[in-house]
Amino acid sequence: QVQLVESGGGLVQAGGSLRLSCAASGRTRSMYSMGWFRQAPGKEREFVAAINLSSTNTYYADSVKGRFTLSRDNAKSTVYLQMNSLKPEDTAVYYCAARNSAELTFSSWGQGTRVTVSS
């Protein structure tokens, strides 16, 4: 089992920045990939970004490319989502997720951290 704890959410004005953190604990050596998803009020959860922990490969949703940057600190089992040029449509609860190499989908999830972008 992997436990994930997000932090860094908050209220920011449009055009501002936030950095989210996701710290993993437990069976972290089994992790292959970590990612971020978000769910806005009344909408389904959507993919934001993901990173493979054994390489530098990162993946982003089109809606955040060029504005969000995902990075990792393997020694701390932590990933960071730097969010710049935030827009009101980025308002959502952001969830961290992890999966191991045997899984096709993310199976470990954090509790979420709320991001609110005011116009």
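Leu70 stands opposite Leu81 in β8. This is a predicted model: local features need pLDDT of at least 70, side-chain atom pairs count only at pLDDT 80 or more, and totals for chains, interfaces and linings use all residues. Residues are numbered from 1 along each chain as its sequence is written, and side-chain values use heavy atoms, with hydrogens and water left out.

Strands here are DSSP runs of E with at least two residues, and helices are runs of H or I with at least four; numbering starts at the N terminus. Two strands pair if DSSP finds at least two bridges between them. Strands of a sheet pair through backbone hydrogen bonds, either parallel or antiparallel.

The sheet is open and has 4 strands, in the order β1-β3-β8-β7, with antiparallel pairing. β1 (2-7) and β7 (68-73) stand at the edges, each with a single partner strand, so one side of each has no neighbour in the sheet. From one strand to the next, the twist averages 20°. Axes for such angles are lines fitted to C-alpha atoms, for helices over the stretch in contact, and angles run from 0 to 180 degrees between N-to-C directions.

β8 covers residues 78-83 and is joined to β7 by 6 antiparallel bridges. Strand β3 (residues 18-26) is also joined to β8 by 6 bridges, again antiparallel. Some facing residues are listed here.

| Residue | Opposite residue in β8 |
|---|---|
| Leu70 | Leu81 |
| Arg72 | Val79 |
| Ala23 | Thr78 |

Buried means under 20% relative accessible area, exposed means over 50%, and partly exposed lies in between (1.4 Å probe, protein chains only). In β8, 5 of the 6 residues are buried, so the strand is largely enclosed by the rest of the structure.

**Two serines with positive phi**

β7 and β8 form a hairpin with 4 residues between them. Ser77 lies in that loop between β7 and β8. Its phi is positive, about 50°, although Ser77 is not a glycine. Ser77 counts as buried, at 18% relative accessibility.

Ser85 sits in the loop between β8 and β9. Its phi is also positive, near 50°, in a residue other than glycine. Ser85 is partly exposed, with a relative accessible area of 42%.

**Asp90**

Asp90 is placed in the loop between β8 and β9. At 1% relative accessibility, Asp90 is buried. Its side chain makes a polar contact with the side chain of Arg38, at 2.9 Å. A polar contact is a pair of N or O atoms within 3.5 Å; within protein, one must be able to donate a hydrogen and the other to accept it, and residues adjacent in sequence count only if both atoms are side-chain atoms. Contact in general means heavy atoms within 4.5 Å. Leaving aside neighbours within four places in sequence, Asp90 is in contact with Arg38, Arg67, Phe68, Ser85, Val115 and Val117.

**The aromatic cluster**

Rings of Phe, Tyr and Trp (its six-membered ring) pair if their centres lie within 6.5 Å; planes under 30 degrees apart count as stacked, over 60 as edge-to-face and the rest as tilted. By this rule there are 3 aromatic pairs. The rings of Phe37 and Phe106 have centres 5.4 Å apart and planes at 75°, so this pair is edge-to-face. Phe37 lies in strand β4 (residues 31-39) and Phe106 in the loop between β9 (92-100) and β10 (108-109), so the pair ties together parts 69 residues apart in sequence. Both Phe37 and Phe106 are buried.

Phe37, Phe47, Phe106 and Trp109 form one aromatic cluster. Arg45 lies over the face of Trp109, 3.9 Å from the ring centre. A charge sits over a ring if NZ of Lys or CZ of Arg is within 6 Å of the ring centre and within 35 degrees of the ring normal.
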